[in-house]
Amino acid sequence: MAHRPISLPLVRGTASRQAHADLPEGTFEREMSKEGFFGPAAFFYHRHPPTGWSDFEGPLRPHAFDLVKINEAPDCPWSAPVILSNAHVEMRMWNLDRAMPDLARNGDGDQLLFIHKGAADLFCDFGHLRLRPGDYLVLPRGTIWRLEPDDVMSMLMIEATGAGFALPDKGLVGNHAIFDPAMLDAPDIDGAFLAQQSDSRETKVRIKSRKKISVATFPYNPLDAVGWHGDLSPVRVNVSAIRPLMSHRFHVPPSAHTTFVAPRFVVCTFAPRPFETDPGAIKVPFFHNNDDYDEVLFYHAGDFFSRDNIHAGMMTLHPAGFTHGPHPKALSRMLVQPKPATDEYAVMVDSRDPLDIAPAATGVEWSGYVDSWKAKESGT
Ligand SMILES: [Fe+2]
């Protein structure tokens, strides 16, 4: 039987009737909503910032991890440290400073790589593809692949455990908005791919299946296809190809920036965009609890306009039910922004199920993050 949420539009007291705009003077808006930004929601107009706590105790806590401090650089992706995971998604941070000696194959789900730093050649069942910073690469479950980096690479790995990635339904704006599917690149059977086939040494394939590793050894290089056809292949899109949705009169919710969807989580991209210009529209993220989703943000590049004390390579986790919103310095620019546009690139993972924090993340955690919404700590 279809699940129909109870939805009763009401207005009580002094309130705006339009979300994220025309707030009663001197108030701070907080959204409480079902199903991320898609279900019934209530918008409160508070006299104080909803993150203005003087103390916060207990297990419900926001987290910030400085993944730049992870020094491990294993030459196999299945040895990269897990940062956050649950039954449906697994995130790892992988530094790679040399060519992978063995091939890799993920039998547990589609693998998304986000190239944070460095460039590389990808060789896989489907051919050769050159990778650069800002690339998202979707490797379908079962693809055999390896990387040859130019120098040190740093990658965020996101596995859709037991499932695959798809593109989102773009609704009113149609299939060619945000990025045209024609902007997706696929590997080629090119000269570089054919050339690597002449390396006929014994080759190992490290296969991850049900989180355990098996190794198949071939007396030749199994990346030996001379061609292929079909409608399944790895795809790549760079964040610079993203043309984000925005409205000059409405701060669009993060869901408008969805790049990939999996059954129990989504991957969104925050790319540079102009600030809203309508005087009544808020110009910063609105306070909210996101009561149904754990929210993860990985900061890739630029000036992270709503966050104080965050630098590229950090990751934050706001668990479901934790009220969050702009930090004090950003909040002071709620209605007037000094710059015409944001210049941040960040990757967001919104997970419908709670995420577990792995020891590698705990080891690089900034424990003071929960206090970062206090004005005195951010110097404003
Ligand atoms: Fe959020």
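Student: Why is Arg210 counted as exposed?

Tutor: This is a predicted model, and in it Arg210 has a relative accessibility of 73%. Exposed means over 50%, so Arg210 counts as exposed.

Student: What makes the phi of Arg210 worth noting, and where does the residue lie?

Tutor: Arg210 has a positive phi of about 50° although it is not a glycine, and its place is in the loop between β13 (203–209) and β14 (212–218). Most residues other than glycine have a negative phi. Lys211, in the loop between β13 and β14, likewise has a positive phi, near 70°, and is a residue other than glycine.

Student: Which atoms are the protein donors of the iron ion, and how do you know that they qualify?

Tutor: The donors are NE2 of His288, two OE entries of Glu295 and NE2 of His324, lying 2.0 to 2.5 Å from the iron ion. The cut-off for a donor is 2.8 Å from the metal, so these atoms qualify.

Student: Why is the site of the iron ion called irregular?

Tutor: The angles among its four donor atoms run from 56 to 149°, whereas a tetrahedral site needs all angles between 85 and 135 degrees.

Student: How do you know that the overall dimensions agree with a compact globule?

Tutor: With 380 residues, a compact globule would have a radius of gyration near 21 Å, and the protein has 22 Å, which agrees. The C-alpha atoms fill a box of roughly 75 × 45 × 45 Å along the principal axes, and buried residues make up 52% of the 380 residues.

Student: How is the lining of the second largest cavity divided by class?

Tutor: The lining has nine nonpolar, no polar and one charged residues; among the lining residues are Phe286, Phe287, Met334 and Glu29. Glu counts as charged, so Glu29 is a charged residue of this lining. The space in this cavity is about 40 Å³, and the count of cavities of 30 Å³ or more comes to three.

Technical notes:
Residues numbered from 1 in each chain as written. Predicted model: local features only at pLDDT ≥ 70, side-chain atom pairs only at ≥ 80, totals over all residues. Heavy atoms only, no water. Donors = N, O, S within 2.8 Å, 3.2 Å for Na, K, Ca; no water. Tetrahedral: all angles 85-135°; square planar, octahedral: opposite > 155°, others 65-115°. 1 Å grid on protein atoms, 1.4 Å probe; cavity = no way out; pocket = protein on both sides within 12 Å on 5 of 7 lines; lining within 4 Å. Points joined across faces, edges and corners; volume = space filled by probe spheres on them. Rg over C-alpha atoms; globule rule 2.2 N^0.38 Å. Buried < 20%, exposed > 50% of the residue type's maximum accessible area, 1.4 Å probe, protein only. Helix = DSSP H or I, 4+ residues; strand = E, 2+ residues; numbered from the N terminus.
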